[in-house]
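Work through the exercises below with the sequence and the model side by side, and try each task before you read its solution.

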Amino acid sequence: MSESFLYRTTEAQISALNLAGRPTRDLISEIQSLYLEDSRPWVIGFSGGKDSTAVLQLVYTALLALNDEQRKKDVFVVSSDTLVETPVVVTLIKRTIAEINEAGALANLPIAAHQVVPKSYNTFWVNLLGKGYPAPTQQFRWCTERMKIDPVSEFILEKVAEYGEVVVVLGSRRQESASRAQVIAKYRIDGSLLGRHSSLPNAYVYMPIEDWSADEVWEYLMSAPRPWGGDNRRLLDLYKGSNAGECPIVIDTSTPSCGNSRFGCWTCTVVTTDKAMESLVEHGESWMSKLLDFRNMLARTTDPARKTRYRNHRRRTGKVTYARGELQDDADGTRVRKHIPGPYWMKYRRMWLRGLLKIERDLRSQGHDIELITREELHHIRHEWLNDPNEPDWEDRLPAIYRSVYEHDLDWIQNDAGAFTKPDADLLDQLGAQYGVSGTLVRKLIELEVSMDGLSKRRGTIDKIHSLLTQDWEHLEIIVRREDLENDGGYEEEISQLQKALDEINVLVPQ
């Protein structure tokens, strides 16, 4: 980025800026004309990065130049907080949202900024620490839809339900990537500035800076003061010393990973190395080094060589599964079927939660106003642990973990604990060993009976019992041997040998 962008100009010079072969004042006039064209409200996607900030400034400036009679259409600014956003970015976005709402009200603008979050039962930590989901990878990017797409889409669809149609204003640019340019072209409406949204009905997309380069975005941001007050020097500071881009507002699955972005999640493990976080730590945000270490620890668990150490051999369905047609080398070099591990073992989830809470406690003691995991998430994680399909937490250890870190209790739901305690578990395990039956299977059957108690109709009970009995309760070695026999025709061969031996006995023994 050239230092020549760091200059101040008069208002006339700003409007005369020529970006992407066009004066800025022409683009602002285009925004005003489109705004006045119909009654459809606008929803501006705001991520806090340079592109979405430029678009927000353009629209805000366009609204200011209209008179009160013309400013009749609502403009909503929506920002998605995954609850694991990079902390310095969270601070910047919250401050910007507050400034927009305050300045917009004073200027009598029909603009309101909102922040949306994922459902409390579907956050990053509830899925990873609660359910044991593995840290996201390029092949299993379970986080994007739950944490980014769904909250924003729900907000947009609420406005569609209220108004009939909406126009979504985004900071997407063709130069971001070839795939982004293809998506823009695919949904563009002929003869219109708008495009159709790729998945949301009655939502149309407007991208005012789609032809701008990254340098042109910075030229505008560093030339034009923010119309709601202040400047963008803090934003520039966040980008300095890094080639990392930003994480745009995500409203469809075509958006690439934000793993190397300064405006993505600090927990992102989709990329091998988080260069953006490393650069932030190196350029003045050294207090975030503990977060980077925690993120790197999670990333190491996605290494194929380490998966079996950290993850259960059973899936959450209770089944042991294998990749179709895929083989891998075992410890002695033998080609075997590729096993797909399940959720993280409970012992690691407990250890990581304790570590996360300690980092949060220590950062707070150092003066950082930060919440790495919400207390509502802790309640949901506790519920998931108590009802885990493979390793139910019969000792209800989460409250004790929290108490050991913060030396006080939360207002835990007393009846949230399961029907079984540690002594119950020990007894069932002893009986299971004695009779050759899984103690966990017996617990599941008892829980099923308790859940059906008092019901006048028990439709489906037999199917539920059958589902439990057919799950893979044995040790992995036994399951692998059985699977190999089934797939290699082993059982048929054993049956054939037994039949042959029986035939020989029948010959020798007189009838």
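Two exercises follow, each with a worked solution.

This is a predicted model, in which local features need pLDDT of at least 70 and side-chain atom pairs count only at pLDDT 80 or more, while totals for chains, interfaces and linings use all residues. Residues are numbered from 1 along each chain as its sequence is written, and side-chain values use heavy atoms, with hydrogens and water left out.

**Exercise 1.** Find which strands pair with E6, and describe where the side chains of E6 point.

*Solution.* Begin with the elements: the protein chain has 20 helices and 10 strands, where helices (H or I, at least four residues) and strands (E, at least two) are DSSP runs numbered from the N terminus. Next, look for pairing, which requires that DSSP finds at least two bridges between two strands. Strand E3 (residues 42-45) pairs with E6 in the parallel sense over 3 bridges, and Ile44 has Val169 of E6 as its bridge partner. Strand E8 (residues 203-206) also runs parallel to E6, joined to it by 4 bridges, and Val166 is bridged to Ala203 in E8. Finally, in a regular strand the side chains alternate between the two faces of the sheet. In E6 (residues 166-169), Val166 and Val168 point one way, Val167 and Val169 point the other way, and all are buried (under 20% relative accessible area, with a 1.4 Å probe and protein chains only).

**Exercise 2.** Locate Leu431 and decide whether Leu431 is buried, partly exposed or exposed.

*Solution.* Leu431 lies in helix H16 (residues 422-435). Its relative accessible area is 38%, and because partly exposed covers the range between buried, under 20%, and exposed, over 50%, Leu431 counts as partly exposed.
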